[in-house]
Each structure stands twice: as C-alpha cells, then as structure tokens.
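Please consider the following remarks alongside the sequence and the coordinates.

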Amino acid sequence: MDICAQKKEIYNALKIGRHSSSPKWENSQDSRYLQYCQVCQAYKAPRSHHCRKCNRCVLKMDHHCPWINNCCGYQNHASFTLFLLLAPLGCIHAAFIFVMTMYTQLYNRLSFGWNTVKVDMSAARRDPLPIIPFGLAAFAATLFALGLALGTTIAVGMLFFIQMKIILRNQTSIESWIEEKAKDRIQYYQLDEVFVFPYDMGSRWKNFKQVFTWSGVPEGDGLEWPVKEGCHQYSLTIEQLEQKKDKRVRSVRYKVIEDYSGACCPLNKGIRTFFTSPCTEEPRIRLQKGEFVLATRGLRYWLYGDKILDDSFIEGVSRIRGWFPRNCVEKCPCDAETDQAPEGEKKNR
C-alpha cells in the first residue's frame, strides 16, 4: 500500500506539473502591475516565475526539482509534498525490516563466553536452515542499505518539514525569499512601511486547504488568488517590480581584467575561489578581458551579474548572467566612487 501511494505521488509530481505553464496575460489594465518574460514573450501571472531548466513560466512556482526532472508548482505542489512524506515512511519501514533481519540472523550466530562474544558467520545453528543464506556479504549489504534508509529518512524528512512550514504560511520557497528581500529593502532605505504577505489567510488550516484538497485538484485557477484584507491582488508583483528597480540602483559595474573559462571550480583562480564555489544550479558565465559586467549580488570570492554587451545594458535583451570569480574583475572608476556593494556582500546569503 505504501509503495503504491509513493508511485502515485511520484507520477503526479512528474506528469501533472508539465501542464503548469502560465498563459499569455493580455489584460492591458493589469499589465502595468505584472512582470514581462522576455523568453516566453508574455506577462507573468501573479506568483509565477520563469524556470531556466524547463524554459517556461510556471504557475505558483516553488522550485525546480532535479529528482523528478520537473518544476514543483501550482498543480503538483500537493503531490510533491506527499511524496516527501511517503518516501521517509517507506524508508522507515525498510529500516525496520533491515534491523529485524540482522537481529534474527545474528542472534543465532552469537556465542557468549565469560569475557568474550564470538560471532560465527559461516552457518546458522538452527533447523531448518534459512531459505536465503545470510553470510558476511549479505550482512554488509544489509548494513549499507540500513544506512541509506536512515540517511534518506533524515534528508527527505527535513525537506518535508521545510515544505510544510511554508505551506502553512501559504508561501512558496521563492515567495519566502521575496518576503525576506522586501524586509531587507525597507530596512536598507529606512522606509516607513511594513511589507505584508498578501496570500497568508491568517489561519494555518485555511492556508493548508489552498494546497491540499480531498479531490487532489488545487483550489482556484492558478491566476487569481484570495488575498488578505487590505492587500491588492498584485501586491506581491508590485513588490517584485520595486525589488528589480532597487537591484538596478544597487548594482555595480565591473571591468574584466582576467579571462575566465566558465568552469564551476576553477583551479587557476586561487585555492579559496576553488573551495568557495557557490553551491547552486545557477550558471557560470565565460568572461574575456576587457568586457563589462553588472554585478547584482555576491559572496566573498564570487559575484553574480549580467554581462554587458556592446557596452550597454538593456534589461530583457542582453541577459547573459551567472557567477564569476571576484578576482577576475575590478570596479569601474565611476562605480568605485559611489562605493555601493552588490546585494549579498553586506549580508552573506
């Protein structure tokens, strides 16, 4: 029963999610509140985001999961979360079987002396003999499988806990990050305002029902959502547009002084750069000496930004972006005077 349930949720997470692309948004009155996707050539619906892996916009996108080779979004969020619940339960069941197998097999092979305990793995001292022989190789394989089961239980169980935590706030992983950046923006500019997440219904049960239903079909159409009293239907997208404007203001222009091949962990850029490579699926960009990049965030030894083509930057046109080593670039004189640091240098995320 447990295996059948796991297979069903895996199938739903794989199959249903492929139909989660957001359609074109042609309402001219609302388009001023929406972000425009240059790749899909369409306006993004509220709570939708473009996935570089799937090469399309996904409704209520949470993240792209490499294990199911698909995005977790509006239509398969519940199935993916149930999969995260059933996988640890299945591993706990398997771990119990492994433990009982080793216990029953070793019990018949143990001999206790006054000061010693001996284990005879040659054959079991019982009649009749076991159908499946349990030798040293089988014991090692069972012990290894037990370790995998326990490791999977802990790792996937933590992912389930994280998913449930944001579901009970009626958020996605991306929206949780947007809310954090909104608070950071308000604090950075010392604005007299408070960001209120518009989709939190104020009750964990109501938030829970936004994702999980008895029919398995999520509520709504994925385009319009119930919002908290006093919030606008496009409050979140308006905040995203403000954050994009803020990112352009706080970005820093750099000039490339050393060539960079785009390698994930470059050996020729220093030992610290090699070992502090960002643990992310975001790409690295190849740089050549003399080019310019616009850095929007960074770590201690790495920066993330857009390559500027033809010595100009037009958002949505020249979007070659990714990570690159910090020691390959230097600040342009005009930006060095302003002394603005890319987002992330002050707060290493």
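1. Two strands are taken to pair if DSSP finds at least two bridges between them. In this predicted model, strand E11 (residues 302-308) and E12 meet that criterion, pairing in the antiparallel sense over 6 bridges. Within this pairing, tryptophan 302 stands opposite proline 325 in E12.

2. The pair belongs to an open sheet of 5 strands, whose order is E12-E11-E10-E9-E13 and whose pairing is antiparallel. From one strand to the next, the twist averages 45 degrees.

3. How many cavities of 30 Å³ or more does a search of the whole structure find? The search returns 2. The second largest cavity holds about 30 Å³ of space. Its lining consists of Gln35, Lys44, Ala45, Arg47, Ser48, Thr237 and Gln240. By class, the lining of the second largest cavity comprises 1 nonpolar, 4 polar and 2 charged residues.

4. Confidence should be considered next. The protein has an average pLDDT of 81, and 78% of the residues score at least 70. Over residues 18-22 the pLDDT stays under 50, and the model gives this stretch 16 contacts beyond four places in sequence. Residues 311-318 likewise have a pLDDT below 50, with 13 contacts in the model beyond near neighbours in sequence. Where pLDDT is low, the predicted coordinates should not be read in detail.

Terms used: Residues numbered from 1 in each chain as written. Predicted model: local features only at pLDDT ≥ 70, side-chain atom pairs only at ≥ 80, totals over all residues. Heavy atoms only, no water. 1 Å grid on protein atoms, 1.4 Å probe; cavity = no way out; pocket = protein on both sides within 12 Å on 5 of 7 lines; lining within 4 Å. Points joined across faces, edges and corners; volume = space filled by probe spheres on them. Nonpolar A, V, L, I, M, F, W, Y, C, P; charged D, E, K, R; others polar. pLDDT = per-residue confidence, 0-100. Contact = heavy atoms within 4.5 Å. Helix = DSSP H or I, 4+ residues; strand = E, 2+ residues; numbered from the N terminus. Axes fitted to C-alpha atoms, helices over the stretch in contact; angles between N-to-C directions.
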